[in-house]
Amino acid sequence: MQFGTEARVAPALAIESLTYAYPAAVAPALRDVSLELASGELVLLAGRSACGKSTLLRASCGLVPHFHGGEIEGRVEVAGIDALASGPSELAAAVGYVAQDPETQVVSTTVAAEIELPLEMRGDPPEARARAVEEVALALAIPHLLGRAVDTLSGGELQRVALAAALVTRPQLVLLDEPTSQLDPVAGDELIWLLRRLNEEWGVTILLAEHRLERCLAAADRVVAMDTGRIAFDGPPRDFLAWAQEADAALETPAARLFSLCGIEPLPVGVRDARQTLRGMGVDHPPHLPSRRAIDSHPTEPTLNAKALWVELDAGEGPRDVLRGVDLEIRRGERVALMGRNGAGKSTLLKAAAGLIDPARGKVEVPAGIALLTQNPSDYLVRERVEDELPGEAGLAALRTVGLERAVDADPRDLSGGERQRLALAIALAGRMEGDELPGIVALDEPTRGMDRARKDELVELIEGLSSRGAAALVATHDVEFAAAFAERVVLLGDGAVIADGPAAEILSGGWYFATEVARVLDLPGVVTPEQGAAALREGGL
Amino acid sequence: MRSPFAYTPRPGPLQSASPGAAVAYLGSLAAVAFVYSNPVMLLATGGALVLAGRLAGAWRAVRAALWMGLTLALLIVAVNALVVDRGETVLVRVGHLPLLSDVITAEALAAGAVIGLRAAVVMLAFAIYSACVDPDRVLRALRPLARRSALTATLVSRLVPVAAADAARLRDAARLRGPAAAPAGRAPLARRLLAGSLDRAVDVAATLELRGYSLIPPPPKPRVATHIPRYAWQMRFDRGGSRGRNGVRWCARSRSRYDRRFYAVGAVVLIAAAAGKLAGADAFAEYPAVEVGTGPATLALAALLVLSGLAPRTPPTQTASTSPPARGRS
């Protein structure tokens, strides 16, 4: 790797032998990382949780080490600028950074001011700022948001505003840390293709860290996979799938898993690729099979009963009907995914069921009680010892339910992300169980944010365990693959009303956005997981 | 539901004023609360702030601050009465208890009330500041002073909005705890809120660094008539409406025509407070018996303080106008 060579165009990002440890960390977060991104590339950064993806992005924009401190060795250059010698502000013109949580990356009160801020800091004249803000707003299809206050925006809108603020200076390199983790499937897909368009039309180099690889693999030129702070793979998407098949199955996409179960080569990088391969093999119209996952009958009284439920909320822009006449019954033992676009009313329905919000009209009843875990499990953890959060026998019973009985003496902050989530659930359950009998309904709001597939599989096990013990599990989620893994029923909300309610296999194979990757590849009613897809293809004579 | 302390853009004089002018005005009243102990003066200062908040359209913030401030004041009164045994007027004899006073006196109650009232008045001033002063303008105003510390700037300008959002989430989570879980409790919640807000402030400060906050600001250019293109969304702001007015940033809103008013009122309050102090307007003694001075100097200064609460009043000519209120310099 060459640095500072005048005869060639400087790469958008050049990292050489980078090793970095956070202050007081036991082990380095990055170990001997070398990476070069040519101008105009769109590179996907893959890897399990805590493998070093976010740290690598932060080192690429100067936050590491300038903002976080710690010990660092090696070299980082962004568009020819030494990132270790210059701080993030000096790099601001060359690199834009979009973090996972959009709420922590807005510093102004209005959208226009937020987008304009980097230009103002740089000292651009007002007329240049006006034009740049207008153009980036048009490019991201958000001119209608410019006059809005940022605290009235949805997660998806906020993410676009953050991206606009990162792009407004026309940087050569844009870094994105799981930008779709809080977006519904529609907004997530839109964002990925928007990035591809910006990459192609504006020539922006993009480094994108993501867990939901099936969403963005087809848009990437190249994949870099990390493992415990090192680069474990660097190559084209198709080679990455072959590598993941051998090295880490948790990184496989559903379509690739479908193909590997059927022994089909080459592995597909996306839906279109998979369909073309199947068509080439003569599997153009797979047989239509009956739905395989009908809802099991649950002949019990409803444990959640909403009748003509209307909820009105005011987020600062006047009252708005968030739920509009919702009728819904859920029975003990059911596993239900609550899906819909950002702002469709999923969280509001859960909060109304838990009594946090009063209905404007209609009613919602939970006769056997409800335990609700909201989107931020850390909000439940206010003490420094697990046993102080959950004292007594009832607390221990709740800990046993989530498999954390051995952690009674631990500090909640020392637990892993998944364990903290389970502890928060135990806090919500404590005292709502009669002996070991669970409350009628256990509700989780967006529990898979920032989770890799291994942690999602653990969560599926936990939900199935709760369900087998008699509780209904109601989970609001944007993650269609996760929904396909745990749910037997899907309720789809649209603009505050129930627009679809039925068996998960039927709902998740009957559309385009709210459908799994396998469903989109095969287009077979009732086939949503790789295992079901492989069975269907085998039945079809493949 | 937004926090009552969150900034809400409105076309009033206090919202239009530069952060420096608003701080000079509200700070002068807070300074009186710190310097004076005479309850008449503290009540007058509190009255001025209630009036100012009402006229500035920050009534929700005023009510919330009054509720919090008076709750805190009651707590201080109770604690002071239980631990201080000075004073001639014994109201109750409680007997000997470790660390506590044997008697509750009227003077200890009065002394606690003064301390509590002072805290409530300061909270009122801060609540009105938070609800009426645009954090964006504070951020820009701080840049020349705290360029190398985005975190300082973030804490000053964004801590209240960030903490308000976090507090709402923590309240929900506390209500969702199972009945057998330890109650969240005010102290653990407050610790968690502070720690969480500081963590999030660090994240916001990182974003500010990435936006170029630490760059050396360019030298100010001489003001010349420049054609600035008007885009559709800017014109929407120009027409007024609650959504967009605060969005216009092209005209540097470093000053407002109301600035002089607030600087002047702040200066008058401070000068009068200093003069009143010299003239004995702060005559007050808690022990051995409560004595509250109500001389002419005290009453005159109290009246002046209450009148200072009229400073955020919108001029009648502006309310009669059919055109949208002017933003920015005038």
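**Where chain A and chain B meet**

Modeller: The contact draws 59 residues from chain A and 52 residues from chain B, where two residues count as in contact if their C-beta atoms, placed from the backbone, lie within 7 Å. The largest share, 11 residues, comes from α8(B). Helices here are DSSP runs of H or I with at least four residues, strands are runs of E with at least two, and both are numbered from the N terminus. Sorted by class, this side of chain B holds 28 nonpolar, 16 charged and eight polar residues. In that count Ala, Val, Leu, Ile, Met, Phe, Trp, Tyr, Cys and Pro are nonpolar, Asp, Glu, Lys and Arg are charged, and the others, Gly among them, are polar.

Before we go on, a word on the source: this is a predicted model, in which local features need pLDDT of at least 70 and side-chain atom pairs count only at pLDDT 80 or more, while totals for chains, interfaces and linings use all residues. Residues are numbered from 1 along each chain as its sequence is written, and chains are lettered from A and ligands numbered from 1 in the order in which they are written.

Now for chain B as a whole. Its secondary structure comes to 12 helices and four strands. Of its 330 residues, 45% are buried, meaning that 20 or more other C-beta atoms lie within 10 Å of a residue's own, with C-beta atoms placed from the backbone. Among contacts in chain B with a separation of 6 or more, 75% join residues 24 or more positions apart. An automatic or database domain assignment gives domain 1 (11-135 + 256-314) and domain 2 (148-176 + 185-213) of chain B.

Over in chain A, you can find helix α15 (residues 417-429), which has 13 residues. Its buried residues include Leu423(A), Leu425(A) and Ile427(A). Among the elements covering the buried residues of α15(A) are α14 (392-401) and α16 (453-468) of chain A. Just after α15(A), Gly431(A) takes a positive phi of about 85 degrees.

Terms used: Expected span 1.5 Å × (residues − 1). Buried ≥ 20, exposed ≤ 12 C-beta atoms within 10 Å, placed from the backbone.
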